[in-house]
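We will go stop by stop, and each stop says what to select.

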Amino acid sequence: AVQGFHWNNQATIHRLVIYCSGNNAVRYELNFLNFVVISESPTHNSVSVHCFVKRLLTFLGSKLTVMKVYYFSDGAASQYKNKNYFVNLAFHCRDFNIEAKWHFFTTAHGKGPCDGVGGTVK
């Protein structure tokens, strides 16, 4: 019965690891935060990623002073590497008032910190 629920009632988990630097009087420090968005929508496209990014930046803006964002992700064509998401990236500064750059890792080549966060949430 539990497995049936799992496979018939799915959710989207978008996991992010945020690295941020702080400056104390002695040295720069690198800190990290884990951020997970759980959505009942099964859609994995550039619109859903834009909504998740909006949630992330709203959260970060309440905790930190965000001046620039460097995104690192795999090259999933449905979510990140397509013309629609490049439009989102082109308008990132206008939409969020924060400059952004996006870097892509090769698809399906290894695990990153987000995979550990996703495994823990699942």
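## Stop 1

Select phenylalanine 72 and look across to strand β4: histidine 103 stands opposite. Keep in mind that this is a predicted model.

Now widen the selection to strand β3, residues 68-73, and strand β4, residues 99-104. The two strands pair in the parallel sense. Six bridges join β3 and β4.

Show the side chains of β3. In a regular strand, side chains alternate between the two faces of the sheet. Which residues of β3 point to the buried face? They are Val69, Tyr71 and Ser73.

## Stop 2: a stacked pair of rings

The structure holds two aromatic pairs. Take phenylalanine 35 and phenylalanine 59 to begin with. Their ring centres are 5.2 Å apart and their planes meet at 35°, so this pair is tilted rather than stacked. For stacking, the planes must be under 30 degrees apart.

Colour both by accessibility. Phenylalanine 35 has 12% relative accessibility, so it counts as buried. Phenylalanine 59 has 29%, so it counts as partly exposed.

Next, select tyrosine 71 and tryptophan 102. This aromatic pair is stacked, with 4.2 Å from centre to centre and 20° between the planes.

Buried or exposed? Tyrosine 71 counts as buried, at 7% relative accessibility. Tryptophan 102 counts as buried too, at 13%.

## Stop 3: two helices side by side

Select helix α2, residues 46-63, and helix α3, residues 83-90. Their axes come within 9 Å and cross at roughly 30°. That angle makes α2 roughly parallel to α3.

Which residues meet here? From α2, pick Ser46, Val49, His50 and Val53. From α3, pick Asn84, Tyr85 and Asn88. Colour this contact by residue type: three residues are nonpolar, four are polar and none is charged.

## Stop 4: a loop residue

Move to leucine 64, in the loop between α2 and β3. Leucine 64 has a relative accessible area of 33%, so it is partly exposed.

What does leucine 64 touch, leaving out residues up to four places away in sequence? The answer is Cys20 and Leu33. Draw a distance from the C-alpha atom of leucine 64 to that of cysteine 20: the separation is 8.9 Å. Along the chain, leucine 64 and cysteine 20 are 44 residues apart.

## Stop 5: the whole chain

Clear the selection and show the cartoon. The protein has five helices and four strands. Trace the chain along its sequence and the pattern reads α-β-β-α-β-α-α-β-α.

How many residues does the protein have, and what share counts as buried? There are 122 residues, and 30% of them count as buried.

End with the contacts. Take those in the protein with a separation of 6 or more: 65% of them are between residues 24 or more positions apart.

Terms used:
Residues numbered from 1 in each chain as written. Predicted model: local features only at pLDDT ≥ 70, side-chain atom pairs only at ≥ 80, totals over all residues. Heavy atoms only, no water. Buried < 20%, exposed > 50% of the residue type's maximum accessible area, 1.4 Å probe, protein only. Pairing = 2+ DSSP bridges. Axes fitted to C-alpha atoms, helices over the stretch in contact; angles between N-to-C directions. Parallel < 35°, antiparallel > 145°, perpendicular 65-115°, else oblique. Contact = heavy atoms within 4.5 Å. Nonpolar A, V, L, I, M, F, W, Y, C, P; charged D, E, K, R; others polar. Phe/Tyr/Trp six-rings, centres within 6.5 Å; stacked < 30°, edge-to-face > 60°.
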